Amino acid sequence: MIIIMSNEVTDGQIDAVTAKLQKMGLDANISRGVERTVIGAIGDEQKLDKEALQALPGVEEVIRVMKPYKIVARSYHKSDTVVDIGGVKLGGNQVQVIAGPCSVETQPQMDAAADAVAAAGCKLMRGGAFKPRTSPYSFQGTGVEGLEMFRNAAQRYNLPIVTELMDARMLDTFLEHKVDVIQIGTRNMQNFDLLKEVGRTHVPVILKRGMSATISEWLMAAEYIAAGGNHNIIFCERGVRSFETYYRNMLDVTAIAVLKKETHLPVIVDPSHAGGKAWMVPALSRAALAAGADGLLVEMHPTPCEAWCDADQALSPEQLNTLMGELRGIAQVIGREIA
Ligand code: PEP
Ligand code: MN
């Protein structure tokens, strides 16, 4: 950590910072320049409280040198992590497309959706049984019954299931139903108690980016899960809030490149909640794959106009099939594989 002192700093204030560092078990390296005095803290930066130092008289700015995240950092694990989801590999050279409806509605709807997901060649299926809705009067999901319908539909094709957990009190139910991937939605990215709970399991987690979260906050949220012992984490960029109203969220393609540098964990993209319209999904999917995403999370409904939730952004089975063909072409060009 580097502590930059103000230009009117006194020797007493420098001594106070030095004493504080020593009390925290670190050494101080004082560098007196013509204009500024800079103090370098030597030792384990994790022991330091940035705010406590910042509050000392004469301190102008405190800059961390080390990244605050450890386990999820690329420096902790150089090679790409491949998350094993019931035998399906996410990360590495393989690109995975997770497709399925926004929400689990009925058994026939889920059966038809599973047929379409398998026919398109996707190896993983999505579907929300518990839905985070802006209005309490909107459809809230089919709940535990939905998990059962989802499992029944997906097991005919051995498709591992991806579904959102909103409340830590439902975690045991998710484990009993052998949910293969727990999705943490954008609204819960910083629900730290929820993150800690999923961190205690070994179930793979898709951690969506908070709609106004910085990349650093997102990495720290993942660190919460990792710190509990669960390193099976997949980042999912789903667009952030912006000033633009034409589309639902602004897909941050840049975040893919940044995350691939900062973390060894897989990064996927949800083009559906970014664009918010089915017609945008193919373009955003192609961009994501070209930019280095390890997979996609795409909404597809057997009959989009009848969907109970997010009808306007769901691909039809035919559109999903066409998209998979396009993605196979891109994967080949960039030296990756897609089922
Ligand atoms: C979803 O994937 O169903 C969902 C609710 O997404 P998000 O949390 O990104 O809004
Ligand atoms: Mn949705």
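**Burial, metal donors and ring pairs**

Trainee: Why is Phe-192 called partly exposed?

Mentor: In this predicted model, the relative accessibility of Phe-192 is 31%. Buried requires under 20% and exposed requires over 50%, so Phe-192 at 31% is partly exposed.

Trainee: What makes Tyr-224 partly exposed?

Mentor: The value for Tyr-224 is 33%. That figure falls between the 20% and 50% limits, so Tyr-224 counts as partly exposed.

Trainee: Which residues are the protein donors of the manganese ion (ligand 2), and what makes them donors?

Mentor: They are Cys-102 through SG, His-273 through NE2, Glu-299 through OE and Asp-310 through OD. Their distances from the ion are 2.0 to 2.4 Å, and a donor must be an N, O or S atom within 2.8 Å of this metal, so these atoms qualify. Along the sequence the spacing of the donor residues reads C-x170-H-x25-E-x10-D.

Trainee: Why is it said that Cys-102 and Asp-310 tie parts together?

Mentor: Cys-102 sits in the loop between strand 7 (94-100) and helix 3 (107-120), and Asp-310 in the loop between strand 14 (295-299) and helix 11 (317-333). The parts are 208 residues apart in sequence, so the pair ties them together.

Trainee: How do you know whether Cys-102 is buried or exposed?

Mentor: Its relative accessibility is 5%, which is under 20%, so Cys-102 is buried. Asp-310 has 17%, also under 20%, and therefore counts as buried.

Trainee: What does the side chain of Arg-126 contact?

Mentor: It makes a polar contact with the side chain of Glu-299 at 3.4 Å. The limit is 3.5 Å, so the distance qualifies. Glu-299 is also one of the manganese donors. Arg-126 belongs to strand 8 (residues 124-126) and, with a relative accessible area of 3%, is buried.

Trainee: How many aromatic pairs does a search of the whole structure find?

Mentor: The search finds 4. One of them is Phe-130 with Phe-174, whose ring centres are 5.8 Å apart and whose planes meet at 35°. Phe-130 is in the loop between strand 8 and helix 4 (143-155) and Phe-174 in helix 5 (residues 171-176), 44 residues apart. Both residues, Phe-130 and Phe-174, are buried.

Trainee: What makes the pair of Phe-192 and Tyr-224 stacked?

Mentor: The planes of Phe-192 and Tyr-224 are at 25°, under the limit of 30 degrees, and the centres are 4.5 Å apart, so the pair counts as stacked. Phe-192 lies in helix 6 (residues 192-199) and Tyr-224 in helix 7 (residues 215-227), 32 residues apart.

Conventions: Residues numbered from 1 in each chain as written. Chains lettered and ligands numbered in written order. Predicted model: local features only at pLDDT ≥ 70, side-chain atom pairs only at ≥ 80, totals over all residues. Heavy atoms only, no water. Donors = N, O, S within 2.8 Å, 3.2 Å for Na, K, Ca; no water. Helix = DSSP H or I, 4+ residues; strand = E, 2+ residues; numbered from the N terminus. Buried < 20%, exposed > 50% of the residue type's maximum accessible area, 1.4 Å probe, protein only. Polar contact = N/O pair within 3.5 Å; in protein donor to acceptor, adjacent residues only side chain to side chain. Phe/Tyr/Trp six-rings, centres within 6.5 Å; stacked < 30°, edge-to-face > 60°.
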